[in-house]
Amino acid sequence: MVMPQTPILEVRNVSKSFPGVKALDAVSMDVLPGEVHALLGENGAGKSTLMKIISGIIPKDAGEIFLDGKPVHFLSPRDALNAGIVLVQQELSLVPDLSIAENIFLGRWPRRGVQVDWNTIFSETSHLLERFGIREDPRTPVGALSVAEQQTVEILKAVSRPNLRILLLDEPTSALSEDEVNRLFELVAEIKKTGIGIIFISHKLHEALRIADRVTVLRDGRKVVTEEARRLDERMLFEYLTGKPVEVLETGHGGDHTEAVMLALEGFSSGGFVRDVNLKVRKGEVFVLFGLIGSGRTTLARGLFGLERTAGKMTLEDKVVQPKSPQEAIALGIGYLPEDRRQALVYELPVFANITLAILSRVSRRGILRLREETSLAEDFVRSLRIKTPNIFREVLYLSGGNQQKVLLARWLARKPKLLIMDEPTRGIDVGAKFEIRAMVRDLARQGLTILYITSEPVEALEVADRIAVMRGGRVVRVFDHTNGVDKTMLLAVASGVS
Amino acid sequence: MPQNRAIPAWREGESLSQALVNLLLKGGSLVGLVALSAAFAILSPHFFTLGNWLNIFRQVAVVLIAASAQTMVIITAGIDLSVGSVLALGGCLAAVAMSYWGWPFVSGALLGVFFATLAGLASGAIIAKGRIPDFIATLGMLGAIRGIALLITGGLPVPSHFTATKLAGYLPQSIVWLGSGDIKGIPVPMVFALLVVAITWFILNRTTFGRSLYAVGGNREAARAAGINVDRVKILVYGVSGLYCGLAGLVLVGRMNSANALMAEGLELQTIAAVVIGGTNLFGGKGSVFGTLIGAILMGVLSNGLNLLNVEPFWQRVVNGLLIVAVVVFDQWRRRVTRD
């Protein structure tokens, strides 16, 4: 039996409205001493709003906040800080030219007489660094540290406050490598021991499950659940987050597509970097180009779409081709969703105009647009791809990343290409949309579309692929003809050249 | 599918202050026009009369036609500094053909408009194929085309007494009618200019070319990646600008019953001001010709009102110059606000 403890922080029925939307609707949660409490939610679920209220940045409309059982009212971030609630934001607030020690004590340098007491600053910083097992000289300028190390300094800065009770970490892992995440989690585990309560905001499910004691999920500004992390798994969390069951994605496809070849490359080179590529992509398959960043996947794709200088033989459906511009490539039946959506979306044009941008000649007669046809076509795609937008006349600018990506997908589906190249289509979009786009890709292939799918996420590669080609240093180093028996370690090993 | 985004970005932006700012951003030029008109109406008894308003429209017509073209160019993230010179070229050519060579109105007008269009296409080709910034290319054309117009006219007004030996006739009645005639009391240039605005609206909103203009200006790379021939769009829009300037040239020559190579100097500033006051983004991708209509009328009202108040013409230059600066500052502010 766990003894019931008094929570350090308790949030009771807190609500917040912005004009036209209820951002938080009677949300309650609490944080126990020495607890890591993960706060999960998709973009717009309300987690940022809740965090800003707790740290005094914005006022709440209704509800109560208790610190050590006593009601508190924060009118400014300073109030919250004085009460021992410290927020570590994604954008770090360190002065790069100052040392670690100076940054940690920034604005509250201890003094001896009129002088700053440097001895105390450096010795206390050394203590702090030692205690959390960080081997850095307190005199090192912060600007010389990596992002992960800077984040550590930021967290230590919070920990060094004598009155610290609650530490709010806002998406602390978003810019970190796997190794750095491990070290961060060790640090968090150390801080836990001091009895401080930690709120860990994230949208990465596995990380939350790894670090948290309890998890609270927000959706649409409401609390869905608070549960002990050990009783949860990723699938359950996903369902809480999105309100929908996970569509089971079968892996290890292959077999049901034809043997006819859609795209064949022989001795193909692109952009001076990608060389000697020999590939055959079959009709109706999802062919994954897997590789780490800088392996040449995007350069290859851009070459196929007429955006890079190419050489060698490219055959599309038995016809030798060499597109020299996107216009030519599109005419040949190739579509391309670039890695960076900003290269493809016209943000100030509405949804429908972005969808029809590649088929203007088909929705017009003699240069005059047939608006009714154009908008009804766009409506159809918004419905079938479940693009979330108030209407098709809304500028694409205002859509979420996932929905922007779907608008681009709609653009190419409207064009009905033979070959669709998708470069990292799930990057930077939230988890629900991610699953959905992967499922769509499988679906489209089933309907006969040939897809060249570029990714650097091994799990994603295995999930969508019929076959996988691995690239490294501008060359295709290996092709897996089926995904049975291939696992992510194997893919990563081939991609990084470790045998 | 995440059908539960509690605070979509598009709604988050609509706080009360934001709504007020939006009103100012969207209705700013109209609010300004009404306020300015009200002020002049109080200060001068002659301002708010039908006759005076028709007069304003008569004066605004030329700027409005050229500003419609400027709107399209600026939507593609370009800028046409050569509008005044191209107008002068077209107008002078037409006038020379009609009065020195004895050409009838239609063929003379076609000649002027044709070469004006050609000049525009040349600017577009230099920009698209030479990969030169729009403002540099058209700044060069501003000088060069004005020079050609001076060469054609010998620096003299057309028709001119100094060249009376060569004179085949005065300007035909048709062109004078275009520039200063009336249809049942309504000035012909005003009708013509409004027709041009309507056509421009149609191009921008109902044609693939218009859609391409927005796409190219909004995101050139994206337009290219969607299969739009960006170079072609660029060349064409400057060609259309030349065409419009040629038409505006005919109207101006008709109004003055004379052409000269130095006419319409500073037209680039007036058109840019009208476009920007009208809410078109100087950096492309966004804008409407109706905004430009308001902007052009506002400029016309300003100069008319100052005239009625007997403000020295020199002061009017100062006011016009400052207005342009103020408008650009306003545009910068607007973009900062709308980006947040």
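1. How many helices and strands does chain A have? The answer is 16 helices and 24 strands. Both are DSSP runs: helices are H or I with at least four residues, strands are E with at least two, numbered from the N terminus.

2. This is a predicted model; local features need pLDDT of at least 70, side-chain atom pairs count only at pLDDT 80 or more, and totals for chains, interfaces and linings use all residues. Residues are numbered from 1 along each chain as its sequence is written, while chains are lettered from A and ligands numbered from 1 in the order in which they are written.

3. The C-alpha atoms of chain A fill a box of roughly 80 × 50 × 50 Å along the principal axes. Chain A has 499 residues, and 47% of them count as buried (20 or more other C-beta atoms within 10 Å of the residue's own, with C-beta atoms placed from the backbone).

4. Take contacts in chain A with a separation of 6 or more: residues 24 or more positions apart account for 68%. A contact means C-beta atoms, placed from the backbone, within 7 Å.

5. The largest nonpolar core has 186 residues. Such a core is a set of buried Ala, Val, Leu, Ile, Met, Phe, Trp, Tyr and Cys residues joined through C-beta atoms within 7 Å. A:Ile421, B:Ile65 and B:Ala66 have the most contacts inside it. Apart from it lies another core, of 58 residues, including A:Val88 and A:Ile191.

6. The unreviewed UniProt entry annotates "transmembrane region" in chain B, including residues 56-79 and 289-308; such annotations may be inferred rather than shown by experiment. Residues 56-79 of chain B are 83% helix and 0% strand. Residues 289-308 of chain B are 100% helix, with end C-alpha atoms 28 Å apart.

How values were computed. Buried ≥ 20, exposed ≤ 12 C-beta atoms within 10 Å, placed from the backbone. Contact = placed C-beta atoms within 7 Å.
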